[in-house]
Amino acid sequence: MMQLSTCEDFDAWNKFLEGERNDQMITLAHNPSLGAILSKTFGYQSENKFIRKGQGIIGVVPMVHFRGKIISMPHFSYGGPIIASDEKVKVDLNTLFEGKDFEVRGFEKLSDHVYDKKVSCVLNVHESDEVQMMAMKSKLRQKIRKARKLGYVCKLGGIELLDEFYDLYTRKMLRFGSPPLGKVFFKNLLTDYRFGDVQVAVLYDGEKVIASGMALSYLGFNEVCWSSTDNEYDRFNIHALICWEMLRSSVEKKHTYFSFGRSTIDSNNHRFKKQWNPLELPVFYNYSEPVGKSIKELTFLTKIWKQQPLKTSVFFGHKISKYVY
């Protein structure tokens, strides 16, 4: 029978996952430092749990507790249990979480109640820029080369680029009618994230910021978690260009995977990512009970949100994002 115990040794946690990374995909959501950042930002209660069978560790699961529910992991696409590949066991989330309500995200169906409209697009990272470029579709290569000839400058860095990243991010979120995460969340990621990198990318036309992105890495898995563009420049393929610059950085750092994150199946975002010839991995949201519509699916709220000024969108977004994860 599987049981949970609290992890107080991050070295043991990382060693276990390091041993599994060649047999299954380990994502940034399994970074043991992430839960504390979510708790610090949103007031959640975070825990990293070993999954044990007898005296031995056979798996791990990161989680936060919020409003009586176990969530693994809020604000990220993944976070479900990782079981040792040599263990022939089936996870029963109801038993594992002792009947508590849960929402668990990952690459497996682990519940009778599953939302399955999301997909994650992931690239294998190659040994050089040239090989990586040739792995993409020819039309995309042409778009990136044309964009590079326009003289835009890309800076890669950290907290010194936070203001420029965040300004464009909040403008994009208002344009799409969604509450933005508070700047404090991104600041906490940049200062407190361990066992991997947090990289900010900013693309400039002269001094004007025209695209930005933020990527997080853990055990060779690097994901662009947030990206934004100035829509006046979209016709110049700047989204492809900034993604390419972050992918080049992954090549340089010798990551194993480069992820574009989750998308709704057949959305415009999904179609953009398919140009890169990615692995398309279904992402399942496993629930303890049937769920109704998410607040994110209520289109009339999107229309209302778009009508407010940027300043109030940022103010209320920080407060609301605790509940819209």
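Select the lining of the second largest pocket, whose residues divide into four nonpolar, five polar and three charged; here Ala, Val, Leu, Ile, Met, Phe, Trp, Tyr, Cys and Pro count as nonpolar, Asp, Glu, Lys and Arg as charged, and the others, Gly among them, as polar. A pocket is an open set of points on a 1 Å grid over the protein atoms alone, where a 1.4 Å probe fits, with protein on both sides within 12 Å along at least five of seven lines, and lining residues have an atom within 4 Å of a point. This is a predicted model, in which local features need pLDDT of at least 70 and side-chain atom pairs count only at pLDDT 80 or more, while totals for chains, interfaces and linings use all residues. Residues are numbered from 1 along each chain as its sequence is written, and side-chain values use heavy atoms, with hydrogens and water left out.

Colour α9 (268-274) next, one of the helices that supply at least two residues each; α9 gives the most to this lining, with four residues, helices being DSSP runs (H or I, at least four residues) numbered from the N terminus.

Now move to Phe 186, which, leaving aside its neighbours within four places in sequence, is in contact (heavy atoms within 4.5 Å) with residues including Leu 162, Tyr 169, Met 214 and Trp 226.

Finally, show the cysteines: the structure holds zero disulfides, a disulfide being a pair of cysteine sulfur atoms within 2.5 Å. The sulfur of Cys 121 lies 11 Å from the closest cysteine sulfur, in Cys 243, too far for a bond, and that of Cys 225 is 12 Å from its closest, also in Cys 243, too far for a bond.
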